[in-house]
Amino acid sequence: MKPHTLSILVENRAGVLSRVTGLFSRRGFNIESLAVGPCEEPGMSRITIVVIGDDEKIEQVMKQLNKLIDIIKVSDLTENERVERELALIKVTAEQGTSRAEIMQIASIFRAQIVDVGAKSLILQVIGDTEKIDAMEKLLRQYGVKEFVRTGTIGILRGSKTVTSSK
Amino acid sequence: MKTGAKILVESLQREGVEIIFGYPGGVVLPIYDELYDSSLRHILVRHEQAAAHAADGYARASGRVGVCLATSGPGACNLVTGIATAYMDSVPIVALTGQVPTNLLGNDAFQESDITGITMPITKHNYLVKDTADLGRIVKEAFYIAGTGRPGPVLIDIPKDVCTKVIKEPLVPEKVTLRGYNPTYRGHRRQIEKALQLIAAAERPVIYAGGGVILSNASVELVDFATQLGIPIATTLMGLGCIPGDHPLNLGMLGMHGTEYANFAITESDVLFSIGVRFDDRVTGKTDTFAPHAKIIHIDIDPAEIGKNKRVDVPVVGDVKAVLQDMLSMLKKNGLTDAWLKKIKHWKQHHPLTCPDDGRLHPQFVVRQMSELLGGDAIIVSEVGQNQMWTAQHYCFKNPRTWLTSGGLGTMGYGLPAAMGAHFARPDLPVFDVAGDGSIQMNIQEFGTISHNKIPVKIAILNNRFLGMVRQWQELFYDRRYSFTELPPVEFVKIANAYGIEGVKVESPDDVMPALRAALDCDGPFVMDFRIEREENVFPMVPAGAAINEMIGGHPR
């Protein structure tokens, strides 16, 4: 059982997302993360889903996804060299004084940006893979994480390989 | 300039639709108004569930796409069981539903239900039409999707204003192209070669054939292949009819209520050639002990079925007919199966299906008499439960598409409406529905439809005043505690008469054949109320979760 990142190319039509997510819940899969957006091809969208399961179950889910008429292509990025990123916005309690300086130091170690400064809080924006964001959130917890918002993972294959509609 | 309703009806006619089964209602008024003087035949059912089953029965018997129509909300929801039945058995139907006008969508309007949302997991695809200009294209796509690849139901939800809007009809392209839908028909040549090598080296091969053979119209190729190589064929419930019941290579049905010899043969086989099947739990019993010594070959048009329930050695993704034709063209004879066929013959002689002969009225006898009278030249439809299993076991099917039953979903109430649909698909053949007294009452209102339209369906009720299959399980596994399975007596002939249908009650074996003859000779519908032995069981039987060669109620080995 390990996380698999599935890149799913779909027709950009109403209801496609619920077809996809409905299939996951019907077959008893928990979606770890989900990201949807338009892509390089007109009329299509790309859904990136991270799901945990053994290889056989993942294979079955991919085959079932392929049966959906509005799905054009399904790839398991996990089998290949890839780049994966997510973005998180973290609102941390930061009173004037030492804690604020410490938080800013942590931010610079993680190459996070401070995107909002309030009287009692800071908002940090961090980009990275899941582990990096988890690690940063853990470090910030001692100061008080008021709100933690993250996008789903997105991924892309390294090199010239692509997940596109052409075979 | 045309209304959406007119475009819809003309699009259906362009697809070759000759009949639709439906029930009117508020938001489908524009469609019904268009049907009023259309040449399209419409059969008014008494409950929308029956419309879906009738479209399904029409599709199974004809191989064409069946069509049903219902209004929004309750009408659409009543189709759901019928759509799910068709989905589980891969039957091509197009279900048309009315919907509240687009400006009210999502407002909880009167008779609104999100039927595309509801049917998402039980349709191959579905559509909510938002623009009249899309209607023609969507109908064309729906028929294409329903009838190609692995067939299945497609639903089109049409808001009322989409039907009433008048537009200049856009041209619909001749050919459907869908980027996300390209079924594979031809099997991979290397895989086919591998499969043939395995089969050629086999000493104890068995073919395990299912509904895919029927759907693909591949019975001729299947029997040809099996005969050339001397390979016995066990069929699933859905595959019955793909080889004549009296063919020497036929093993009958396998699985939970299969023949002993089919289950023995599967268990001892060294190569299992699986064709258009899905390794359902009612077939395999405990999967680890299913064909434990066999290398498994699996042909299926749906890649998701391969390896889903059981590991497969040689998968071939493709249309059963196309793959079998390729295999036949590459065939080399082998003569290794003689000893195996001899062994199977021995099993067949010593472990036959039995029918008690004690002067009492047994359901197996009724089915056997029906088989003798009809000689395979009829369409047999069943309900679900004991009636279904006795028919599957004891009726000798001769041809594909002559056996219609709800295999996957196991829908009680399927039989009568499906039989109505089957009649319109094959008006040349008599249609018999074998029912139980429980299941007939699930759609008994359709007596109204068959009477109204003079649909000559013959209904054989195996009446034991029990929900028989559940009672059987209670007897065997719940210490005879018959919890809510006993039914009070019902005079079905009187109900039939009230609808203007003839019928006869039968209480002795001697009266079985005369009753069946009377039914066959009657021009219209006919009801036979067979008062059978109340606690008759379906045997042999593999208890749930056991290996399929561990059968109860069989012969000592």
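Leaving aside neighbours within four places in sequence, Lys458(B) is in contact (heavy atoms within 4.5 Å) with Val431(B), Phe432(B), Asp433(B), Ala519(B), Leu520(B), Cys522(B), Asp523(B), Gly524(B), Phe526(B) and Met528(B). The structure is a predicted model, in which local features need pLDDT of at least 70, side-chain atom pairs count only at pLDDT 80 or more, and totals for chains, interfaces and linings use all residues. Residues are numbered from 1 along each chain as its sequence is written, chains are lettered from A and ligands numbered from 1 in the order in which they are written, and side-chain values use heavy atoms, with hydrogens and water left out.

Lys458(B) is found in strand β18 (residues 457-463) of chain B, where helices (H or I, at least four residues) and strands (E, at least two) are DSSP runs numbered from the N terminus. Lys458(B) is buried yet has no salt bridge, and the nearest side chain of opposite charge, that of Asp523(B), is 6.9 Å away. Here buried means under 20% relative accessible area, exposed over 50% and partly exposed in between, with a 1.4 Å probe and protein chains only; Lys and Arg count as positive and Asp and Glu as negative, while His and the chain ends are not counted. A salt bridge is a side-chain nitrogen of Lys or Arg within 4 Å of a carboxyl oxygen of Asp or Glu. A polar atom of the Lys458(B) side chain does, however, lie 2.6 Å from the backbone oxygen of Gly524(B).

Side chains of opposite charge can pair when their charged atoms come close. Over all chains, the count comes to 43 salt bridges. In chain A, Glu86(A) forms a salt bridge with Arg150(A), the closest N and O atoms being 2.9 Å apart. This pair links distant parts of the chain, with Glu86(A) in strand β5 (residues 82-93) and Arg150(A) in strand β8 (residues 145-150), 64 residues apart. Glu86(A) is buried, with a relative accessible area of 5%, whereas Arg150(A) counts as partly exposed at 32% relative accessibility.

In chain B, Arg60(B) forms a salt bridge with Asp56(B), with 2.6 Å between the closest N and O atoms. Both residues lie in helix α3 (residues 48-62) of chain B, four residues apart, about one turn of the helix, and both Arg60(B) and Asp56(B) are buried. The side chains of Asp302(B) and Arg150(B) also meet in a salt bridge (2.8 Å, N to O). That pair links distant parts of the chain, 152 residues apart: Asp302(B) is in the loop between β13 (295-300) and β14 (314-317), and Arg150(B) is in the loop between α6 (135-147) and β7 (154-159). Asp302(B) is buried, with a relative accessible area of 3%. A network of salt bridges links Lys2(B), Lys6(B), Glu10(B), Arg14(B), Glu34(B) and Glu169(B).

The secondary structure of chain A comes to four helices and nine strands, and of its 167 residues 44% count as buried. On the surface of chain A, Leu17(A), Ile31(A), Leu34(A) and Val36(A) form a nonpolar patch with about 280 Å² of accessible area together. Patches are made of residues with over 30% relative accessible area and no salt bridge, like charges being joined within 9 Å and nonpolar side chains (Val, Leu, Ile, Met, Phe, Trp, Tyr) within 5 Å; accessible areas come from the Shrake-Rupley method with a 1.4 Å probe, and for residues only the protein chains shown count as cover. Strand β2 (residues 31-38) of chain A contributes the largest share of the patch, three residues. Leu34(A), found in strand β2, is partly exposed, with a relative accessible area of 33%.

Technical notes. A polar contact is a pair of N or O atoms within 3.5 Å; within protein, one must be able to donate a hydrogen and the other to accept it, and residues adjacent in sequence count only if both atoms are side-chain atoms.
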